[in-house]
Amino acid sequence: MEYLTENKEIITKINELAFAKTLWLDTEVADWSTNYPRLSLIQVLADPSVTDAASQSVFILDVLDKHDLASYFIQQIMVNPQIEKVFHNATFDLKYLGGKSAHNVTCTLKIAQKITKNVLGTSNLQLKTLALELCKFSDVDKEEQGSDWGRRPLTPKQLQYAAMDTVYLAAVHHALLKFSKSNIVNYIFDMAPLGKSPEKPQSLSSTPTKLRTAFECPRLFYLKEHFGGNTLFLPPENNIGIGQIFHDLVDEIIYLLINKPEFTEIFKPAASELLVEKIASNIQQLYYNKRFYSYLQQSIKKDSNLAQPLFKVWQGLQGLIRRFAELLVINRRYCNAESVIRETFIIEDRKLEHYFNLPDNSQLRVAGRFDCLVFNFETKHLCVIEFKTYQPVDPSAQLAQVAVYSYMMWQKKKVPVDSAVYCVLPEFKEYQYPWEQLENTVHQLIPYKLQQMQQWLAWEPPLPNPPPATTQPYLCKICPQQQKCQSYFADNSHNQDAENLEDGQNVEYKDEQGTEYKDGQDAHSTRKDEQLSNADAIGQSLVTTLESFGIGVDFQGVAVAPAFIRVKLKPQLGVKVNALLKLTADLQVQMGLASPPLIAPQAGYVSIDLPRTQRQVAKFKDYVESQILPANAAVKIAIGVDLEGKLLEADLSDPNTCHFLIGGTTGSGKSEFLRALLLSLLVRHSPQHLKIVLVDPKRVTFPEFEGMKWLYSPVVKDGDTAIELMENLVGEMEKRYKLFEKTGCNDLSSYNQRSQTPLPRIVCIFDEYADFMAEKELRKALEQSIKRLGAMARAAGIHLIIATQRPEAGVVTPIIRSNLPGRVALKTASEADSMIILGGKQNSAAYLLGKGDLLYQTGAYLHRLQSLFATNIQLNN
């Protein structure tokens, strides 16, 4: 036993105990029979050993009249749901250790009461009796129970008595858990809710993970339940074996964020001054220095093979910390620095269970443990988060899994609960599902699926109607139990289909940042894939699916775009458009879609855009002809290909499209969009008539363009040069207006018609604008230049195209937005980012497919287009 009396050593020990998984606890209270009881000792056993020698692993914290230390213990240990706290009579101890604020508490007295003393074979259920009669301890001391715990110093006999209480507790706890494996205790713990007949205990049980597997492949679900084995569909390049490490470290990060004052200090500046990138960097650096570096060194010392996997873990943690930083910056607007972290991360028991009522009037218990729960003050919603260290091959199955967690949490708290899946490797990708989309999915679809799962499990060979094969044949190629499935079900039709997909059938292109574009067929090819030829059938299937939800629609036809199929439906009389708009999540699950469909009202119909399994690439060379136009020709930029296969372009001389704001997250195809846009200018306008300004802080978007003759100045890669450049453009604008004034001209076009030395148009493409916004002075200078150029430069023939991966409110300020009328949104990381780019409540960009799928806003109308893709760029100056 270790008896601690000094404040400093008690705090150090509490900090060490905060990383434990389970603690066995007891308290001794002075003056307990008076009106003013005082907490005297907190006894803690962290070693799972249950022998007499275990008393050497007991820590006794002397907290008599040390209220600050008791409070610190409560904050670090009792409210932390990651630590299981085991007491015998928890009702008594919790009076002094946090009360209702304590989470993840186990009470051995309550467990024993459920089993009953008759079953246990003990005379009563007191701790000392259970230790003596159930666990067969000898020399159990009961004399010191009435000691004076308020006097100091305590006697060695008192300390030994206090230490052994936790040893007895651990032994009793383990003994009761052994009883819990018997049939009678299984009945007690798995019994049906009140109101069900006790003669028929509820034995059916499932989990959200099983539900996900059943959505992916009913046969794999069957094999797992009957024979065990792996159920993850993972391509060979995906990282495996690091999931548990990652989850443990995330728990540690959240714990440190909440409990360590260094992290609170990061949020002390005013909310308006907080920048996501800076916050994320500070958290990453603090955590790396405080914990991860030592963890990395210790792990590699034990096993050098862990170096590469842990590097991947750190990559994943960096992306996750950045996402956490985004949420914390949002919430900081509503909370002070001291409370924002605690109010964002909801710390409670993560185990959930619910009894679902199935269509056949039976009940099924679903229980599981989610990864994280957060609160967003902007949406006023809780959000259940699942972490994945791989990119799922079937996001719709992930939706089914998190939808169940969302519903069970709603049952517990009776408030809307959003869901999200954070896939952290090989790059961070978020699947966000608002409660409004999930609600009908859970109520209408999940109970039917759960019942269907029970029916599949009841099948035995050689009976007819086995569990069906997956509806997504490509999964068979990466199935972890492919051989078992083929032999057991004697049906390899889907697997054969998968084998027939030749590896060379799809050509892959990658941009400088690794974004992949699969060219199963180019956009002008006459060869039709399965989806194109069966587009009408897909539309009819959608109509049938909607009818199953009680929504009648008339099929108006389909249009096939490179990335999606647009089904046109007209709601029947009495059906409101809103009834269709809220079915995004239902349709994704029911139709097995990789991404949520986009649903929008159009003139005379409702469009439902379904993602294609084999996307087309809109090749630049098929849409833009290389030809030098005359000096007075309109200067247009290529935006993308529409549903009719036509290229939409924007005229930079038009007041509505003279300057552009472009947003798109990692993987959206933003860099490729900018390169194609730039190339569409270069192949049609000579360097004498067009000058290009490029700002590329990441130095990877425009490498092929650095030596071209069109450049107005060298490519800008740092903040100071960017300020100088923008000021030069303002000066150029003012110089041109003076020339216009002298010649009596209104704009560049009229001036060039009269002048013998025409001036070139200047197009400034500013990539990753957010990278320059971290420094206040830099931000202010750039904003002022953009404001002036945006308001006045069109007539002078100077045009701005500002692009960013992170269109956050603190980056794309109202000043910037108001002066950039043209808007292009590729896939954004969140609905909030989409609304910043497109304005109003236009959140659709969050649900785009990535890789060049974009929304182009002209006036009040949104065009959904596929951006051009340029390969093998070679410039002939």
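Me: What makes the crossing of H9 and H16 right-handed?
Reply: H9 passes H16 in a right-handed crossing, a label used if the near helix is turned clockwise from the far one by less than a right angle, with anticlockwise giving left-handed. Do keep in mind that this is a predicted model, where local features need pLDDT of at least 70, side-chain atom pairs count only at pLDDT 80 or more, and totals for chains, interfaces and linings use all residues. Residues are numbered from 1 along each chain as its sequence is written, and side-chain values use heavy atoms, with hydrogens and water left out.

Me: Why are H9 and H16 called roughly antiparallel?
Reply: Helix H9 (residues 208-216) and helix H16 (residues 395-413) pack at an angle of about 150°, with their axes 8 Å apart. That makes H9 roughly antiparallel to H16, because angles over 145 degrees get that name, while those under 35 count as roughly parallel, 65 to 115 as roughly perpendicular and the rest as oblique. The axes are lines fitted to C-alpha atoms, for helices over the stretch in contact, and angles run from 0 to 180 degrees between N-to-C directions. Helices are DSSP runs of H or I with at least four residues, strands are runs of E with at least two, and both are numbered from the N terminus.

Me: Which residues of H9 and H16 make the contact?
Reply: On the H9 side they are Pro208, Thr209, Leu211, Arg212, Phe215 and Glu216, and on the H16 side Ala397, Gln398, Ala400, Gln401, Val404, Tyr405 and Met408. Contact here means heavy atoms within 4.5 Å. By class, H9 with H16 has 8 nonpolar, 3 polar and 2 charged residues; Ala, Val, Leu, Ile, Met, Phe, Trp, Tyr, Cys and Pro are nonpolar, Asp, Glu, Lys and Arg charged, and the others, Gly among them, polar.

Me: What makes H25 and H27 roughly parallel?
Reply: The axes of helix H25 (residues 719-743) and helix H27 (residues 776-792) come within 10 Å and cross at roughly 25°. That angle makes H25 roughly parallel to H27, and their crossing is left-handed. The class count for this contact is 13 nonpolar, 2 polar and 3 charged residues.

Me: How do you know that Asp165 is buried?
Reply: Asp165 lies in helix H7 (residues 156-179) and has 4% relative accessibility, so it counts as buried. Buried means under 20% relative accessible area, exposed over 50%, and partly exposed in between, with a 1.4 Å probe and protein chains only. Leaving aside neighbours within four places in sequence, Asp165 is in contact with Asp26, Glu28, Gln43, Leu127 and Lys128. Asp165 and Lys128 are 37 residues apart in sequence and 8.1 Å apart in space, C-alpha to C-alpha.

Me: Why is Asp65 called partly exposed?
Reply: Asp65 has a relative accessible area of 44%, so it is partly exposed. Its place is the loop between strand S4 (58-62) and helix H2 (67-78), and its phi is near 60°, a positive value in a residue other than glycine.

Me: And what makes Lys851 partly exposed?
Reply: The relative accessible area of Lys851 is 31%, so the label is again partly exposed. Lys851 sits in the loop between helix H29 (831-838) and strand S27 (853-858). Lys851 is not a glycine, yet has a positive phi of about 55°.
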